[in-house]
Amino acid sequence: MSNDVLVIAEHRDGAVKGISKESVTAARSIAADLGGEVISVLLGDDTASMADDLAAQGGAKVLKIDDAKLAQYTPEAYVAALKAVIAQVQPKLVLIGHSYQAMDFFPRLAAAHDAALVPDVTNVTVEEGQLVFTRKVINGKLDARTTPVGESTVFASAQQGAFPVQGADGTATVEDFSADLGDVATRKVVEIKAAEAGEVDLTAADVIVAGGRGVGDKDKFQVVFDLADALGAAVGASRPPCDSEWVEHERQIGSSGQVVAPKLYIALGISGAIQHLVGMRGANCIVAINKDANAAIFQEASYGVVADLHEFVPAMIEAVKEARG
Amino acid sequence: MKILVCVKTVPEKDARLRVASGDEWIVEDGLGVAISECDRYAVEAALRLKEADEGEVVVLSLGGAGASKQIKEALAMGCDRAIHVTSDDFARADALTIAKVLAAAAKEEAPDVILTGQQSDDLGYNAVGQMMAEKLDMAHAQIVLTLEKVDGGMRISHELDNNLIETVDLSMPCVLGVQSGINDVRYASLKGIMQAGAKPQKKVSLDDLGLSADDLAAKVKVEKVGFPVKTSQAEMIEGDAKDAAKKLVEKLIQEAKVL
């Protein structure tokens, strides 16, 4: 086995995904600590220009696999092609961004190698030659120091946003890699379409007040609208209020909903699951109100208040009215 | 159609967590527990599949004695019988080890469809169903939103990327990882609760499943857990509701200049 890090790069609409560039950045630092190289792999049927873009992210090598069977994503063809790459590269670590598509096939790839899988990691270090990962457990409330056992190839996925892209000091070379996918039976893809856009567009809002599970129930969710009214803000929500139909699904902010970047984001009773955080981290100023002082949302906030939101919000509405005269 | 649905008992969402001495894991004694959120939707999806066709729904759970209550809850919701793989050793287990145990238990049942929640609330791997599928050589899809039986298999739709939904046809048997919020999860009826106690519950040990120590050797170890070291500069605002609200609004106007 080498000390190399193999990055599986994903693409959509003819462009390398941002999360894959983050993975290359992470891999460069890990490979430097391991004393190995970064090799990225790109799967598709027309990857030449994307391979150049990926090569500009650094690392030693980009392997591109162009095959008609890879024109459209299927886990069957992806796993088969990547098995061939892993057999040749013999990497110490296989790294991918923790995207939905990655979660569709990547655990299967790890299981096919009977290997260690460490999903959704927020940090990676190398201690005495060994990989050490940090990942969130128990609804994101705790950090877990997680280490692979044994010496075989380790599979890990990197949390979106955990490894911001850093410019490369060099360009990787691009090489063709051919994998024999002749016998691979792929599933039938019926269609791929964008989720129906709702009528609520939160992406243009300057101020958003969002409610989470901690708001309590559908009636109590009115308090979120009340504060939004007082501030002239839009109303959003994390997943649980939408699932429970306290508010419309189109108000959902996060990885399955809208991605917003307002000037001010006020999170009421939102614990801070990563699926929500990826949708609102871009806000300039984040205020978190939560009765659990350990809620993960406080890690993201500029200002935090540990309080019962149903006591705090009415007081805040009064304070806003007073301040605005 | 035989449907197997995997259910995990996890700490309740708002449970007060304490880290055990030695930092190895959380204190589990006295901790409120519940069925992991996505798994509830998987149970509902399983019951609906049965109702649209026919057959039986078998609930499969791996956990200690404490998991019995959640298994009974799934039975009260309408599952026909249960298999409880009893072990206390999997609280911090890695995804592959859990998948191997569940796959071994599933294999004996030879189901047409296996449903899991896409991710557990505790370890949050988002991987066990996929790994079961690999070990059982079945088709699989993750983050499933809709599922229906069609001629020769299952037609499912699932989230493949931000706001991108793919519809695919899978051959059966298959494993499906269900997203939360995809259906209205039923409450157990009084009748269901009364009947649950009489439904068959099979307790199975790891030995019964024929799993060797080698099969169950951990691939990944959780060495330590802890509350995150604060990395942001979050300014915590203290005081009673009125004082804190006033201070916060002042800061948003004067300091952050966002109001």
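## A salt bridge within one helix

D243(A) and R239(A) both belong to helix α6 (residues 239-243) of chain A, where four residues, about one turn of the helix, separate them; helices here are DSSP runs of H or I with at least four residues, strands are DSSP runs of E with at least two, and both are numbered from the N terminus. These two residues form a salt bridge in which the closest N and O atoms are 3.4 Å apart, the term meaning that a side-chain nitrogen of Lys or Arg lies within 4 Å of a carboxyl oxygen of Asp or Glu. D243(A) is buried, with a relative accessible area of 5%, where buried stands for under 20% relative accessible area, exposed for over 50%, and partly exposed for what lies in between (1.4 Å probe, protein chains only).

## How the model is to be read

This is a predicted model, in which local features need pLDDT of at least 70 and side-chain atom pairs count only at pLDDT 80 or more, while totals for chains, interfaces and linings use all residues. Residues are numbered from 1 along each chain as its sequence is written, chains are lettered from A and ligands numbered from 1 in the order in which they are written, and side-chain values use heavy atoms, with hydrogens and water left out.

Chain A holds eight helices and 17 strands, and its C-alpha atoms fill a box of roughly 70 × 50 × 35 Å, taken along the principal axes. Of the 325 residues in chain A, 58% are buried.

Strand β4 (residues 38-44) and strand β5 (residues 61-66) of chain A pair in the parallel sense over six bridges, and two strands are said to pair if DSSP finds at least two bridges between them. Between β4(A) and β5(A) the chain passes through helix α2 (residues 48-55) of chain A, making a right-handed β-α-β crossover; right-handed means that, with the strands pointing away from the viewer, the path from the first strand over the helix to the second runs clockwise. Within this pair of strands, G44(A) stands opposite D66(A) in β5(A). Strand β5(A) also runs parallel to strand β11 (residues 173-176) of chain A, to which four bridges join it, and V62(A) has V174(A) as its bridge partner in β11(A).

## Other salt bridges

Side chains of opposite charge can pair when their charged atoms come close. How many salt bridges does the structure hold over all chains? There are 36 of them over all chains, and one is formed by K219(B) with D114(A), the closest N and O atoms being 3.7 Å apart. This pair crosses between chains, from the loop between β11 (201-204) and β12 (220-226) of chain B, where K219(B) lies, to the loop between α4 (100-112) and β7 (116-127) of chain A, where D114(A) lies. D114(A) is partly exposed, with a relative accessible area of 29%.

Within chain B, the side chains of E37(B) and K13(B) meet in a salt bridge of 3.0 Å, N to O. E37(B) lies in helix α1 (residues 37-52) of chain B and K13(B) in the loop between β2 (9-11) and β3 (33-35) of chain B, so the pair ties together parts that are 24 residues apart in sequence. E37(B) is buried, with a relative accessible area of 16%, whereas K13(B) is partly exposed at 26%. A network of salt bridges links E10(A), R12(A), K17(A) and D161(B).

Which residues does a cis peptide bond join? Such a bond joins M172(B) and P173(B), with omega at about 0°, and P173(B) is found in the loop between β9 (164-171) and β10 (174-178) of chain B.

D13(A) has a positive phi of about 55° although it is not a glycine; D13(A) sits in the loop between β2 (11-12) and β3 (15-16) of chain A and is exposed, with a relative accessible area of 77%. Phi is also positive in N139(A), near 55° in a residue other than glycine, and N139(A) is found in the loop between β8 (130-137) and β9 (142-148) of chain A.
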